[in-house]
Amino acid sequence: MKRVWETEELVDHWTLMPPELELLGNKTGATRLGFALLLKFFQHEARFPKDAHEIPDAVINYVAKQVDVPPERYPQYDWNGRTIKYDRVEIRKLHGFREASIENANALSQWLREQILPNERDYEHLKVAVYQRCRELKIEPPTSERIDRIVRSATRAYEENFCAEILSRLSPENRTLLDALLQSAPDEESDQTDGSESGSDLQRTVWQALKADPGRASTDTMFEEIAKLERLRTLKLPSDLFASVPRKVLQGYRQRAAVEEPYELRRHPSALRFTLLAAFCHLRTQEISDTLVDVLLEIVHRLGVKAERKVERELLEDLKKVTGKTNLLFRLADATLEYPDGIVREVVYPVVPEQTLRELVKEWRANGPAYRRKVTVLMRNSYRSHYRRMIPKLLATLEFCSNNERHRPVIAALELVQRYVDSKVRLYPSEEEVPLDGVVKKVWLDAVQETDAMGDVRVNRINYELCVLQTLRERLRCKEVWVVGADRYRNPDEDLPADFEVRRESYYEALRLPLDADSFIANLQQEMRDALAILDQGLPKNPHVQILPKNKGWIALSPLDAQPEPVRLLMLKSEMGQRWPMTSLLDMLKEADFRIGITDTFKSPTAWESLERSVLQPRLLLCLYGFGTNTGLKRMSVGELGVNYKDLLYVRRRFINKDHLRNAIRQVVNAIFRSRQPEIWGEGTTACASDSKKFGAYDQNLMAEWHVRYGGRGIMIYWHVERRSTCIYSQLKHCSSSEVAAMIEGVLRHCTEMSVNKQYVDSHGQSEVAFAFCRLLGFELLPRLKAIHSQKLYRVEAGDSDQYPNLQLILKRPIDWSLIKQQYDQMVKYATALRLGTAETEAILRRFTRNNLQHPTYKAFAELGKAIKTIFLSRYLHDIELRREIEGGLNVIEHWNSVNGFIMYGKGGEFATNRREDQEITMLSLHLLQLCLVYINTLMMQQILSEPRWRERLQAEDLRALTPLVYSHVTPYGTFLLDMSKRLMIEQTVTV
């Protein structure tokens with residue numbers, strides 16, 4: 001059960017109805033309160049609490065007020081006596097439930113195998129499904145231990161049958177080829193650069209080569225990945241082998257296969273071994289197809305960028321911008337008209353010097369057709385001499401398709417290029433039909449078309465291929481062209497829920513949206529009218545906002561005043577430093593593990609674990625600390641514990657992956673929420689801020705990119721941080737990737753007890769499409785807009801041009817409601833796809849970019865976004881408290897970003913690896929360490945503030961600014977000694 005409850009939620013779920021109050025008539029004191037809590041808990045959870053501590057304090061206080069019993073009497077309720085047994089019998093009878101029997105347990109196991117396990121293997125999710133099934137059957141769930149046995153038994157039985165079925169569908173040839181992957185390749189040298197491999201085989205196997213990550217975008221990387229893909233295709237696995245198996249289930253098998261050495265895989269029974277290998281190869285084929293597309297997109301982009309930079313450097317060397325061109329033109333015209341028959345040197349040069357005219361010519365060439373011609377020549381030379389050799393193998397390896405007839409010319413152009421791939425002709429034959437419309441841009445037509453000796457217009461092959469690749473890049477990025485056998489670049493129709501038409505009503509209900517588009521639009525129109533009216537009426541009296549006539553409407557907004565840090569908080573930090581001086585960050589991680597059980601979430605994906613938990617626990621802590629601080633595993637080797645580098649490498653490879661780390665992060669986040677005392681931290685919040693931070697990184701990979709704003713190559717980490725400095729989600733992103741997609745992804749996937757209803761972002765995390773999606777998904781987007789002066793509002797209807805007289809300068813056209821109505825169902829379908837996670841958020845949003853302006857659903861999203869943004873802007877300009885709220889939320893995440901460097905100090909804070917998986921492990925370990933710092937600081941502060949003298953000292957403004965993200969009393973440096981027998985001196989009374 002969640003620990004943080006809003007007042008509205010308490011009223012909805014924990015209010016006793018009159019018939020329920022009548023049941024309490026013969027009960028008094030602790031028995032009265034205990035029965036009421038059991039009754040409401042059972043109604044909410046369809047089970048009884050395991051112990052007295054499972055019911056949150058907020059719930060106890062709320063119910064106690066209703067039954068007129070002090071909440072202090074609750075601990076007196078006997079959880080092991082006869083009274084609670086009678087109470088449970090009465091509550092079960094009241095709701096028509098019965099206790100679980102052996103027959104019920106067998107039926108639950110069979111139901112899991114038939115209905116749930118084909119689509120879900122996560123242990124926690126399976127337990128939730130069992131509890132839900134018991135509710136449906138009106139059975140009181142068995143004990144937690146018994147449910148564990150039911151889930152594990154059903155899972156084991158189903159997996160045995162599943163593996164046997166996969167084995168039966170593999171031919172003898174398939175099995176032989178799969179086994180060959182595990183054999184050593186004698187012609188390849190041993191390669192131990194992959195830290196996850198222990199080197200048990202003396203020579204690198206094909207299996208290890210298939211697992212290797214790609215290098216940076218280059219032709220060599222392209223050929224290496226094509227070779228891997230060709231090797232996987234030679235396995236000739238049945239195309240429908242895993243057609244009905246969800247991707248997340250296959251990911252579990254893939255992870256298990258990836259962490260095992262070839263000799264370990266060889267020892268498995270045939271059914272399990274071939275299932276693991278086939279699942280790995282199936283997903284790896286899709287991943288490599290995506291990688292090839294990524295490499296192609298980056299190479300095509302680099303061709304144009306490099307050429308432009310080179311031309312710009314050449315031009316800047318001798319370019320001097322000429323000012324006052326209008327005056328020069330007037331003087332030149334006056335002189336030539338006065339002396340029309342004069343000599344240029346005698347008439348013109350005295351008025352406009354020769355050097356000035358030369359500079360004018362250079363400037364025109366730099367900005368005119370000459371610039372484009374130079375860029376074209378450089379791109380052509382680079383492509384012809386180096387990159388063109390990749391085209392034959394790429395087109396032979398990948399199959400490009402499109403579902404839109406408008407983009408069929410691109411597919412036809414690719415087919416044409418492939419037909420002539422071995423030809424030596426410079427120009428396509430005149431009788432060949434060469435697609436130009438929709439393939440070649442106007443600026444390239446002169447370079448593509450040539451006139452031959454016969455006077456016929458022909459198409460230059462090399463220049464045409466360049467245009468095809470550039471257009472292909474644009475269409476792939478917006479998924480109008482897709483790749484057969486890929487995952488992220490797959491058919492966009494597969495991104496949408498296939499059963500939407502069948503389950504349409506339930507999907508609308510899940511999003512809390514009306515089925516009728518007219519009802520949705522009417523509510524939205526009324527919101528717009530109200531927001532515009534409030535802004536218009538309040539604007540003359542608003543001293544902080546002005547609408548000026550310059551630039552056809554200019555919004556002038558006064559900046560917010562900075563607020564000083566309360567002095568008493570500095571005293572609190574000083575007190576923490578005196579009580580816990582120079583506390584080791586490693587000890588904080590250890591203490592959080594003792595209290596929460598972080599390391600219990602790290603389990604081997606294999607069927608067995610050879611290490612005892614008492615041995616594994618300190619090794620896991622050292623690995624997590626080494627990755628989180630970026631000092632590495634070698635620095636974590638501790639002589640006192642008998643742990644060496646090889647031991648830590650084994651633990652990293654076998655036990656630590658991103659799913660386990662996310663589960664650990666979720667545990668710590670929920671523990672922070674549960675440990676907070678409302679009188680100090682306030683009631684639980686539903687607001688969250690998100691932003692990204694750039695980190696330096698090795699660049700021999702596809703993740704690292706040059707950052708336009710911050711400079712230098714690196715990667716981005718996108719954080720979601722709630723108002724009390726607890727980060728609920730983190731993502732590893734490209735520098736050029738969409739922050740809008742990352743923002744939505746974090747809100748939908750964080751999996752903590754927090755419900756996000758408000759999302760603060762800066763200008764890069766918002767767009768009109770983002771406003772639309774956030775509205776459909778049920779949360780409010782609240783951005784801090786950088787270019788506030790240029791923002792515009794939209795009218796509700798065409799006939800209201802005279803309304804809102806104070807806003808006329810910034811009001812634009814009315815919203816096209818007919819387009820929203822027409823595409824309403826399709827927009828809800830895309831929002832449902834995001835909610836369900838049928839595809840990556842960025843893959844779905846990629847369809848709705850400016851490269852795809854003609855997409856009707858994109859137009860509808862843009863119109864809906866304009867309406868939502870108008871409502872937000874009206875509130876934002878009218879309400880200074882809303883602006884302060886947004887600014888305060890974003891200040892919290894800026895503070896979180898500043899602490900990153902304190903914790904991740906190793907290797908200069910740079911991600912010193914080219915492996916994507918290691919980068920994600922480092923990011924999530926940093927996230928976990930920083931959360932443990934917040935958790936322990938929360939307990940420390942609560943212990944200090946539990947003393948009357950400190951509680952009385954802090955005022956309301958101090959509590960408002962209180963944050964547990966402080967580190968003046970913490971040190972992450974020094975010798976890393978992990979003593980499992982020592983604890984931090986924090987009272988147990990303030991633990992979870």
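Reader: Is Phe42 buried or exposed?
Author: Phe42 is buried, at a relative accessible area of 2%. Keep in mind that this is a predicted model.

Reader: And Phe97, buried or exposed?
Author: Phe97 is buried too, with a relative accessible area of 14%. The cut-off for buried is under 20%.

Reader: How many aromatic pairs are there?
Author: The count is 24 aromatic pairs. One of them is Phe42 with Phe97, an edge-to-face pair with 4.9 Å from centre to centre and 80° between the planes.

Reader: Where in the chain do Phe42 and Phe97 sit?
Author: In distant parts, 55 residues apart. Phe42 belongs to helix H3 (residues 29-45), while Phe97 lies in the loop between helix H5 (82-95) and strand S1 (98-99).

Reader: Why is the pair Phe500 and Tyr507 called stacked?
Author: Because the planes of the two rings are at 10°, and under 30 degrees counts as stacked. The ring centres of Phe500 and Tyr507 are 5.8 Å apart.

Reader: Are those two buried or exposed?
Author: Phe500 is buried at 1% relative accessible area, and Tyr507 is buried at 4%.

Reader: Which ring has the charged end of Lys634 over it?
Author: That of Tyr645, with the charged end of Lys634 at 5.3 Å from the ring centre. In another case, the charged end of Arg953 sits over the ring of Trp950, 4.4 Å from its centre.

Reader: New topic. How many disulfides does the structure hold?
Author: It holds 0 disulfides. Take Cys774, which is in no disulfide: the nearest cysteine sulfur belongs to Cys688 and is 12 Å away. The cut-off for a disulfide is 2.5 Å between the sulfur atoms.

Reader: Is Cys774 buried or exposed?
Author: Buried, with a relative accessible area of 1%. Cys134 is buried as well, at 1% relative accessibility.

Reader: On to strands. How many residues of S13 are buried?
Author: 7 of the 7 residues of strand S13 (residues 727-733) are buried, so the strand is largely enclosed by the rest of the structure.

Reader: In what sense do S12 and S13 pair?
Author: Antiparallel, over 6 bridges, with S12 covering residues 713-722. Across the pairing, Val721 stands opposite Cys727 in S13.

Reader: What lies between S12 and S13?
Author: There are 4 residues between them, and the two strands form a hairpin. Ser725, in the turn, has a positive phi of about 70°.

Conventions:
Residues are numbered from 1 along each chain as its sequence is written. This is a predicted model: local features need pLDDT of at least 70, side-chain atom pairs count only at pLDDT 80 or more; totals for chains, interfaces and linings use all residues. Side-chain values use heavy atoms; hydrogens and water are left out. Rings of Phe, Tyr and Trp (its six-membered ring) pair if their centres lie within 6.5 Å; planes under 30 degrees apart count as stacked, over 60 as edge-to-face and the rest as tilted. Buried means under 20% relative accessible area, exposed over 50%, partly exposed in between (1.4 Å probe, protein chains only). A charge sits over a ring if NZ of Lys or CZ of Arg is within 6 Å of the ring centre and within 35 degrees of the ring normal. Two strands pair if DSSP finds at least two bridges between them.
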